[in-house]
Amino acid sequence: AIRGSNYKYSIKVTQINCNTDDETMKDLRAPRGCLQYFTESGGTIQSFNYDGVNAYSINQDYSICIARSAKNCGIKYTNPPVDGSKARSVGAATQNGCRAGSTSSGSPDSGCGEDCLKVSGSTAATDSDWLTIAGGQLADADLADASSYKAFFCGQGLGEDTNSTANGVNGDGVLDFSNGPFIVRFHADSVKPEETAGKITDDVGFVIDYAVQTGKC
């Protein structure tokens, strides 16, 4: 741990030879600018050092990339089942709710769109913590409707809120059918979360399942 802080690190380093024709090494090379890189067609993405109890580090801004082949037409991101002993949150744990249209309703534990760019209780767009999927669409919404597109996500869930009583389980996730690489970007501001009753509920981190879509989406 760093002296004077509450952060702990556990790091494994594997060196990849970038000056070889070995196919195994080539497959392991991440595209330029990707701090996390996933080569499998499905799996789980987590914020660095996620344990469901402690906060992630402040002042982060990096990209998470998933390998894409010519036969892939899109990707789906979903919120895994909740582990009751581990919290999740990107920014504030309580948000205004993520909805595609004015008739949608649900529990206010996930956020999306411009709400994620505002400090809680503020009306001005200021730095906060968020995940962004540039071509993201709410899977629960009408994909032909422009309101289904939401680029920013925050809070405990990922996607449109539902009436589920399970904390952090929201909708059917987020779809991305845009061209180009599959990228999720994470941004954390310079504000440390406060403890409530000895626990941290904000800025705890994220866990996201992903599944690359093949064929015709």
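Student: Why is strand β10 (residues 182–188) called mostly covered?

Tutor: Of the 7 residues in strand β10, 5 are buried. A residue is buried when its relative accessible area is under 20%, exposed when it is over 50%, and partly exposed in between (1.4 Å probe, protein chains only). Please note that this is a predicted model, in which local features need pLDDT of at least 70 and side-chain atom pairs count only at pLDDT 80 or more, while totals for chains, interfaces and linings use all residues. Residues are numbered from 1 along each chain as its sequence is written, and side-chain values use heavy atoms, with hydrogens and water left out.

Student: What joins β6 (residues 130–132) to β10?

Tutor: Strands β6 and β10 pair in the antiparallel sense over 3 bridges. Tryptophan 130, for example, has histidine 187 in β10 as its bridge partner.

Student: Which order do the strands of the open sheet follow, and what makes two of them edge strands?

Tutor: The 6 strands follow the order β1-β3-β10-β6-β8-β5, with mixed pairing. Strands β1 (34–38) and β5 (110–112) are the edges, since each pairs on one side only. On average, neighbouring strands of this sheet are turned by 25° against each other, direction ignored. Such axes are lines fitted to C-alpha atoms (for helices over the stretch in contact), and angles between N-to-C directions run from 0 to 180 degrees.

Student: Why is the link between cysteine 34 and cysteine 65 called a disulfide?

Tutor: A disulfide is a pair of cysteine sulfur atoms within 2.5 Å. The sulfur atoms of cysteine 34 and cysteine 65 are 2.0 Å apart, so the pair meets that limit. Cysteine 34 is in strand β1 and cysteine 65 in strand β3, so parts 31 residues apart in sequence are tied together. The link is left-handed, with -80° about the S-S bond.

Student: Are cysteine 34 and cysteine 65 buried or exposed, and what shows it?

Tutor: Both are buried: cysteine 34 has 16% relative accessibility, and cysteine 65 has 3%. Cysteine 18, by contrast, counts as exposed at 53%.

Student: How many disulfides does the structure hold, and which other cysteines form them?

Tutor: The structure holds 3 disulfides. Cysteine 98 and cysteine 112 have their sulfur atoms 2.2 Å apart, and their link is right-handed, with 95° about the S-S bond. Cysteine 116 is joined to cysteine 154, also at 2.2 Å from S to S. Cysteine 116 lies in the loop between β5 and β6 and cysteine 154 in strand β8 (residues 152–155), so this pair ties together parts 38 residues apart.

Student: What makes a space a cavity, and how many of 30 Å³ or more are counted?

Tutor: On a 1 Å grid over the protein atoms alone, a cavity is a set of points where a 1.4 Å probe fits but cannot get out; its lining residues have an atom within 4 Å of a point. Points are joined across faces, edges and corners, and the volume is the space filled by probe spheres set on them. By this rule there is 1 cavity of 30 Å³ or more. The largest cavity holds about 80 Å³ and is lined by 13 residues, with Asn79, Gly155, Gln156, Gly157 and Phe206 nearest its centre.

Terms used
Helix = DSSP H or I, 4+ residues; strand = E, 2+ residues; numbered from the N terminus. Pairing = 2+ DSSP bridges. 1 Å grid on protein atoms, 1.4 Å probe; cavity = no way out; pocket = protein on both sides within 12 Å on 5 of 7 lines; lining within 4 Å.
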